[in-house]
Amino acid sequence: MARVIVVGAGVVGLSCAVRLLESGHHVDVVARDLPLETTSAVAAALWYPYRAYPFERVTAWSRATYAELEELAGREETGVRMLAGTELHRTRKPDPWWRDAVPALTRVSAFRPPYADGWTFVAPVVEMPVYLPWLEGRVEALGGTVTRMALATLPDRAEVVVNATGLGARRMADDPSMVPVRGQVVYVEQVGLDRWWLEPSEGAGPGSGPVYVVPRSRDVVVGGTDDEGEWDRRPDPDTAKQILERATELVPDLARAAVLGHKVGLRPARPQVRLDVEQQGGTRVVHCYGHGGAGVTLSWGCADEVAALVGQGPTPDR
C-alpha cells in the first residue's frame with residue numbers, strides 16, 4: 001500500500017482519493033482551493049460527456065461513472081438524482097458518439113420549431129453544493145485528510161502524487177495545452193421543473209455555446225457559454241441576459257422564474273484527458289487532468305483507473 005498525496009480538491013481529486021482509500025492506501029488531499037471553492041462547485045453537473053477526448057476512453061469512463069452515480073442516487077445525502085431529460089438539435093443528427101455509455105436512449109418523434117431532432121434519456125444530476133461536502137466527508141471517514149495548501153510545484157518527496165489540478169496543470173505539469181473554457185451560468189428559482197433540457201453548442205462565436213436547463217431541489221441552473229481561452233471569472237450582465245433568452249426558447253416555463261444569482265467557472269480543457277504515470281525522481285506521479293466540461297461525468301471512471309495505476313506499483317528498472 002502506498003502513501004499518496006492527491007493535489008486538487010475538485011470532483012476528480014476527491015473521487016480519486018476515495019477510490020485510493022477504499023483500496024487501502026494512505027491518502028492526503030492538498031489543494032489551494034477547498035471543494036466548494038473549485039470550478040466543480042459551479043458545475044450544473046448534468047452527466048454528459050462534453051469537451052472531453054479521446055472518445056473511446058471517455059465513453060468507457062462515462063459509462064463507469066454513470067453506474068456509480070446511479071448507485072449513489074439511492075442515498076439522499078449524496079445530492080445525486082436520476083432525472084429524465086431531452087437533448088434537442090436544430091438539424092438531423094446521428095446517434096451521439098457516447099451512445100453506449102447510457103442504458104437507454106429514445107429518439108424524439110415530434111418537435112416544435114426550431115428543433116428538428118433529439119433524444120431523451122435518464123441521466124444523473126448532481127447537486128454540487130451537497131455532493132462535494134459528501135465526497136469530502138467520505139474521504140475523511142475513510143481515514144484521509146483534506147488540507148488547504150498553496151503549492152508552487154507538485155510534491156517531490158512523496159511516494160505517489162496524483163495530479164488532479166485541472167487548469168493548475170499548466171504550471172504544475174508545465175502543460176501549455178491546458179486552456180480555460182469559460183462557462184457562465186444563471187441560477188433561477190425552481191418553478192416546478194422536474195426534467196433537464198439541453199441544446200449542445202452549435203458552431204462558433206457569441207451565442208453559440210450550449211444551452212442547458214438543469215433543475216435542482218431548490219433552484220435551476222441555466223447556462224451557458226463556451227469561451228475558449230477566456231480567464232475572466234466575472235459574470236457579464238449582457239451574457240446573462242442572452243443565456244436566459246436562449247434558455248427560455250428551449251424551456252418556456254423559465255419566463256416566470258426569478259433570477260437568484262450568477263457564477264462563472266473555467267472548464268479545464270485539453271486536446272485529450274491526460275491519465276498516465278510519470279516517474280519524477282523518487283516520486284511516481286499519476287496525472288489525471290484535462291476533463292473539459294465533463295469532470296463529474298468522468299470522475300469515477302478516471303478514479304478507478306488512477307487507483308489501478310497506483311496499485312500496480314513502480315515500474316521495475318530494466
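Mentor: Happy to! Let me begin with a term: two residues are in contact when they have heavy atoms within 4.5 Å. Please keep in mind that this is a predicted model.

Our position is S62, which lies in helix α2, residues 55-72. With a relative accessible area of 0%, S62 is buried, because the cut-off for that word is under 20%. Setting aside neighbours within four places in sequence, the contacts of S62 are W47, P49, A101, T297 and L298.

Two of those partners lead us further. W47 is among the residues with the most contacts inside the largest nonpolar core, a set of 71 residues, and V4, L20, L69, F121, Y131 and V306 share that listing. Helix α6, residues 295-311, gives this core its largest share, nine residues. Y131 is worth a look as well: leaving out neighbours within four places in sequence, it touches V11, L69, L72, T78, V80, V126 and W300. Apart from this core lies another one, of 17 residues, including V188, L193, L250 and V251.

The peptide bond from Y53 to P54 is cis, with omega near 0°. R51 lies in that loop between β2 and α2 too, and has a positive phi of about 55° although it is not a glycine.

Each of these features has a counterpart elsewhere. A cis peptide bond also runs from G223 to G224, with omega near 5°, and G224 lies in the loop between β11 (219-223) and β12 (227-228). D174, another residue other than glycine, has a positive phi near 50°. D174 lies in the loop between α4 (169-172) and β8 (179-189), and is exposed, with a relative accessible area of 65%.

Finally, the whole chain. It holds six helices and 15 strands. Its radius of gyration is 19 Å, close to the 20 Å that the globule rule gives for 318 residues, so the chain is as compact as a globular protein of that length. Of those 318 residues, 53% count as buried, as S62 does. Among contacts between residues at least 6 apart in sequence, 75% join residues at least 24 apart.

Terms used:
Residues are numbered from 1 along each chain as its sequence is written. This is a predicted model: local features need pLDDT of at least 70, side-chain atom pairs count only at pLDDT 80 or more; totals for chains, interfaces and linings use all residues. Side-chain values use heavy atoms; hydrogens and water are left out. Helices (H or I, at least four residues) and strands (E, at least two) are DSSP runs, numbered from the N terminus. The radius of gyration is taken over C-alpha atoms; the globule rule is 2.2 Å times the number of residues to the power 0.38. Buried means under 20% relative accessible area, exposed over 50%, partly exposed in between (1.4 Å probe, protein chains only). A nonpolar core is a set of buried Ala, Val, Leu, Ile, Met, Phe, Trp, Tyr and Cys residues joined through side-chain atoms within 4.5 Å.
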